[in-house]
Amino acid sequence: MNQSEKATRFRALHQSPGVFVFPNPWDGASARLLEAEGFAALATSSAAHAATLGRRDGAVTRDEALAHARLIVGAVDVPVAADLENGFGAAPEIVAETILLAAATGLVGGSIEDATGDPAAPLFDLAQATDRIAAAVQAARSLPFPFTLTARAENFIRGNPDLDDTIRRLQAYERAGADVLFAPGLPDFAAVRRVCASVSKPVNVMASVAGKGFTVAALAEAGVKRISLAASLYRAAMTGLLDAAREVKERGTFGYVERSLPGADLSARLKG
């Protein structure tokens, strides 16, 4: 598929019945493995990408994020969208430029959040946040294919767990033209249901939160269209690494080898 065909297919996933899971690889191998497992689309994770560089989330530049997106896009034949953080700048024109640069990497979608990156004032006020989404929408609509724009309301992971304000923000972003709405960190199914009932655009939920008891079936029943896994698969892989390393260091055994994906099986899923 060319980029336009991928974009059309990605948009169709949001318009077809049911829910779809949208996992987040962090390198070419993880992307290939997820594609081989039959996932219809993939997304980058800013936290997972930063961790591969030995950094915390939020410590990646725009150029680094775009290069990472290009790597993931080039590794697979399914549509890829990106976690574009807050657009890498406060001004709406910078956010718009980020969308155009993202599209140039081969991406067919991306998310823009309303977090400032400033711990003293972690969220843009609603008017400025909405202007930023409107600028992203305008840039996306200028492209020759349907770039799917996701608007994120960051309240629950930025120290302001206010569901009413979260919904007000999502509704404003919907009016500004966002294609998908996302409020990471929703605390329970009641909050998920209320968000889904309060907007008409597809809702993305981050299901990889410990202790929430989320399942694909239950989120679908609540009205969710798209489920992302954020950095959880990366953390699961790092958990496996630590378990194996500790076995060797503390017990002097190599049992993890017996539980690992054989090299030939991994190789069969890679290119070249």
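Student: Of the 69 residues in the largest nonpolar core, which touch the most other members?

Tutor: In this predicted model, the largest nonpolar core holds 69 residues, and helix α6, residues 126-141, gives the most to this core, with seven residues. In soluble globular proteins, nonpolar side chains tend to be buried together. The members of this core that touch the most other members are I99, I133, Y173, V192 and L219.

Student: With which residues is I133 in contact, leaving aside its neighbours within four places in sequence?

Tutor: I133 is among those core residues that touch the most other members, and I133 is also one of the α6 residues that meet helix α7. Once the neighbours within four places in sequence are left aside, the contacts of I133 are I112, L149, A151, Y173, A176 and A178.

Student: Which residues of α7 meet α6, and at roughly what angle do the two axes cross?

Tutor: From the side of α6, the residues involved are L126, A129, T130 and I133, and from the side of α7 they are R169, A172 and Y173. By class, this contact of α6 with α7 has five nonpolar, one polar and one charged residues. The crossing is right-handed, and the axes of α6 and α7 (residues 163-175) come within 9 Å of each other and cross at roughly 35°.

Student: What is the handedness of the crossing of α2 and α4, and how many charged residues does the contact of α2 with α4 have?

Tutor: The crossing of α2 and α4 is right-handed. In the contact, G28, A31, R32 and E35 of α2 meet L71, I72 and A75 of α4. By class, this contact has four nonpolar residues and one polar residue, and the number of charged residues is two.

Student: Why does I94 count as partly exposed?

Tutor: I94 is found in helix α5, residues 92-104, and, not counting residues up to four places away in sequence, I94 touches R62, G87, F88 and G89. Buried would require under 20% relative accessible area and exposed over 50%, so I94 counts as partly exposed because its relative accessibility is 29%.

Student: How far apart in space are I94 and G28, C-alpha to C-alpha?

Tutor: G28 belongs to the part of α2 that meets α4, whereas I94 is found in α5. In sequence the two residues are 66 residues apart, and in space, C-alpha to C-alpha, the distance is 28 Å.

Student: What is the phi of F88, and where does F88 lie?

Tutor: F88 is one of the residues that I94 touches, and F88 is partly exposed, with a relative accessible area of 21%. Its phi is near 65°, a positive value in a residue other than glycine. As for its place in the chain, F88 lies in the loop between β3 (80-83) and α5.

Student: Where is A230 found?

Tutor: A230 is not a glycine, although its phi is positive, at about 50°. A230 is found in the loop between β8 (226-228) and α10 (232-251).

Student: With which residues is V248 in contact, leaving aside its neighbours within four places in sequence?

Tutor: V248 is found in helix α10 and is partly exposed, with a relative accessible area of 30%. Leaving those sequence neighbours aside, V248 is in contact with T253, F254 and Y256.

How values were computed:
Residues numbered from 1 in each chain as written. Predicted model: local features only at pLDDT ≥ 70, side-chain atom pairs only at ≥ 80, totals over all residues. Heavy atoms only, no water. Left-handed = near helix turned anticlockwise from the far one by under 90°. Helix = DSSP H or I, 4+ residues; strand = E, 2+ residues; numbered from the N terminus. Contact = heavy atoms within 4.5 Å. Nonpolar A, V, L, I, M, F, W, Y, C, P; charged D, E, K, R; others polar. Core = buried A, V, L, I, M, F, W, Y, C linked by side-chain atoms within 4.5 Å. Buried < 20%, exposed > 50% of the residue type's maximum accessible area, 1.4 Å probe, protein only. Axes fitted to C-alpha atoms, helices over the stretch in contact; angles between N-to-C directions.
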